[in-house]
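Please read them with the coordinates open.

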Amino acid sequence: PDTLATPRHLAAILSSLPPGRMSSMLSNPICSSWVRPSPLSPPLPLPVLGCTRLKVSRVVESLVLLADAGVDEQLERHGVVEKCLDVMFEFEDASLLHQSVANMLVHALEGGPSRLPLQRHLLLSPPCSLLRRLLDCFEGNDRDVADGRGRRGYMGHVIIVCQAVVHACADSAPDDAAADDDSSSSSGGGGGGGGG
């Protein structure tokens, strides 16, 4: 008997969960009580990511990496990708979290036409608003650097995600670029041929 779960099985399991169940594991109110003292004097309480939220992010990353339309639909229904974004930008120094979230975003954005619904969700839906969040990161980082607080810990991963957005947008309209190249070469091609 086949004991391996396929993406179809996983999509069915996710669809059986109440909406928002997965994202609630990232935003449970008890998480706000997880704090540690800062190294500053006097010490201020700093929020703690915790292993649970990191592991939930890794599970979501694994689900995104399946590149399955049914699983993508369920992730969107549960609102879990936007919660991963919320947690990523809340914890500026959690590099393992940043790596996980950036990886899921890059794979979704560069997944081609088969990932279009998830790409639209990431870029255009108000809960995600990925472009706005990325711009806010750069503005906030510029302010922090100007105030002498240094660069935010997630900026390296933010740049990687920005590159994926640019790459996805460049790949989304190859026919338009080819048509522009054809029209420019046909209009200027006659003069170039006479010179050689």
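1. Start with Arg152. At 17% relative accessibility it counts as buried (buried is under 20% relative accessible area, exposed over 50%, partly exposed in between; 1.4 Å probe, protein chains only). This is a predicted model: local features need pLDDT of at least 70, side-chain atom pairs count only at pLDDT 80 or more, and totals for chains, interfaces and linings use all residues. Residues are numbered from 1 along each chain as its sequence is written, and side-chain values use heavy atoms, with hydrogens and water left out.

2. Arg152 forms a salt bridge with Glu92, at 3.9 Å from N to O (a salt bridge is a side-chain nitrogen of Lys or Arg within 4 Å of a carboxyl oxygen of Asp or Glu). Arg152 sits in the loop between helix 8 (130–146) and helix 9 (155–172), and Glu92 in the loop between helix 5 (80–90) and helix 6, so the pair ties together parts 60 residues apart in sequence. Helices are DSSP runs (H or I, at least four residues), numbered from the N terminus. Glu92 is partly exposed, at 31%.

3. Asp144 also pairs with Arg152, with the closest N and O atoms 2.8 Å apart. Asp144 meets Arg149 in a further salt bridge, at 2.6 Å from N to O.

4. The structure holds eight salt bridges.

5. Now the cavity. The structure holds one of 30 Å³ or more, and the largest cavity has about 30 Å³ of space. On a 1 Å grid over the protein atoms alone, a cavity is a set of points where a 1.4 Å probe fits but cannot get out; lining residues have an atom within 4 Å of a point. Points are joined across faces, edges and corners, and the volume is the space filled by probe spheres set on them.

6. Which residues line the largest cavity? They are Val64, Val81, Met104, Leu105, Ala108, Leu118 and Leu122. The lining divides into seven nonpolar, no polar and no charged residues. Helix 6 (95–109) and helix 7 (116–124) each supply at least two. Helix 6 gives the largest share, three residues.

7. Last, the cysteines. The structure holds zero disulfides (a disulfide is a pair of cysteine sulfur atoms within 2.5 Å). The sulfur of Cys128 is 9.8 Å from the closest cysteine sulfur, in Cys84, too far for a bond. Cys128 is buried at 0%, whereas Cys51 is exposed at 58%.

Terms used: On a 1 Å grid over the protein atoms alone, a cavity is a set of points where a 1.4 Å probe fits but cannot get out, and a pocket is an open set with protein on both sides within 12 Å along at least five of seven lines; lining residues have an atom within 4 Å of a point. Ala, Val, Leu, Ile, Met, Phe, Trp, Tyr, Cys and Pro count as nonpolar, Asp, Glu, Lys and Arg as charged, and the others, Gly among them, as polar.
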